[in-house]
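I'm opening my notebook on a structure that is new to me. Here it is, before I start looking things up.

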Amino acid sequence: MTGRVGAVVADKTLVYVKGGAAWMNTTHTLTIPAAGLGGIGGIGGAGISSSTEETAFGWVLGFGAEYAISTNWSAFIEYDYMDFQKKNGALDLTALAGGGGGAPGTAIANVDFKNKVSVAKIGVNYKF
């Protein structure tokens, strides 16, 4: 969710900066193949995999230019940078430890995730 502020230059070109809030839902997966485990884990030594899902909130800052081709058509180019808060996720690595849910040998890895996203856009708009 962003807002933008700009100025018209060269008669038909809007140059602008934008900023606002961003949110992202991600799934992070750690997979260790059987070869990395020395043949331990999984059925037939297939390895192990663990995932965690997180929703992070952050901010977006960008800039761009939009050119009026005609009364109804315009073309634009834009760059956006998004930075999200650090989140902590728990990955269950019990298969590595050889234990079962809550039993001795349970292994939980608490991992910090920090996402940063750069997006470049080129597009065409039609105004009704």
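**Entry 1: T52.** My opening question: is T52 buried or exposed? T52 counts as buried, because its relative accessibility is 11%. The terms I use are buried for under 20% relative accessible area, exposed for over 50% and partly exposed in between, with a 1.4 Å probe and protein chains only.

Before going on, I note that this is a predicted model: local features need pLDDT of at least 70, side-chain atom pairs count only at pLDDT 80 or more, and totals for chains, interfaces and linings use all residues. Residues are numbered from 1 along each chain as its sequence is written, and side-chain values use heavy atoms, with hydrogens and water left out.

I found T52 in strand β3. Helices (H or I, at least four residues) and strands (E, at least two) are DSSP runs, numbered from the N terminus. Not counting residues up to four places away in sequence, T52 touches T26, T27, H28, G89, A90, L91 and F113. Contact here means heavy atoms within 4.5 Å.

**Entry 2: the whole chain.** I went through the elements and got one helix and seven strands. Along the sequence they follow the pattern β-β-β-β-β-α-β-β. Of the 128 residues, 27% are buried. Among contacts with a separation of 6 or more, 60% are between residues 24 or more positions apart.

**Entry 3: the sheet.** In which order do the strands of the open sheet come? The order of the five is β1-β2-β3-β4-β7, with antiparallel pairing. Its edge strands, β1 (2–9) and β7 (116–126), each pair on one side only. Two strands pair if DSSP finds at least two bridges between them. I then looked at β3 (residues 48–68) and β4 (residues 73–84), which run antiparallel and are joined by eleven bridges. There, V60 stands opposite M82 in β4.

**Entry 4: E66.** This residue also has its place in strand β3. E66 is buried, because its relative accessible area is 9%. Which side chain makes a polar contact of 2.6 Å with that of E66? I found S74 there. E66 and N125 are 59 residues apart along the chain, yet their C-alpha atoms are separated by 9.4 Å.

**Entry 5: the loop between β1 and β2.** I stopped at A10, which sits in this loop. Phi of A10 is near 55 degrees, a positive value in a residue other than glycine. D11 lies in the loop between β1 and β2 as well, and has a positive phi of about 70 degrees although it is not a glycine. Most residues other than glycine have a negative phi. A10 counts as exposed at 69% relative accessibility, and D11 counts as exposed at 68%.

Conventions
Polar contact = N/O pair within 3.5 Å; in protein donor to acceptor, adjacent residues only side chain to side chain.
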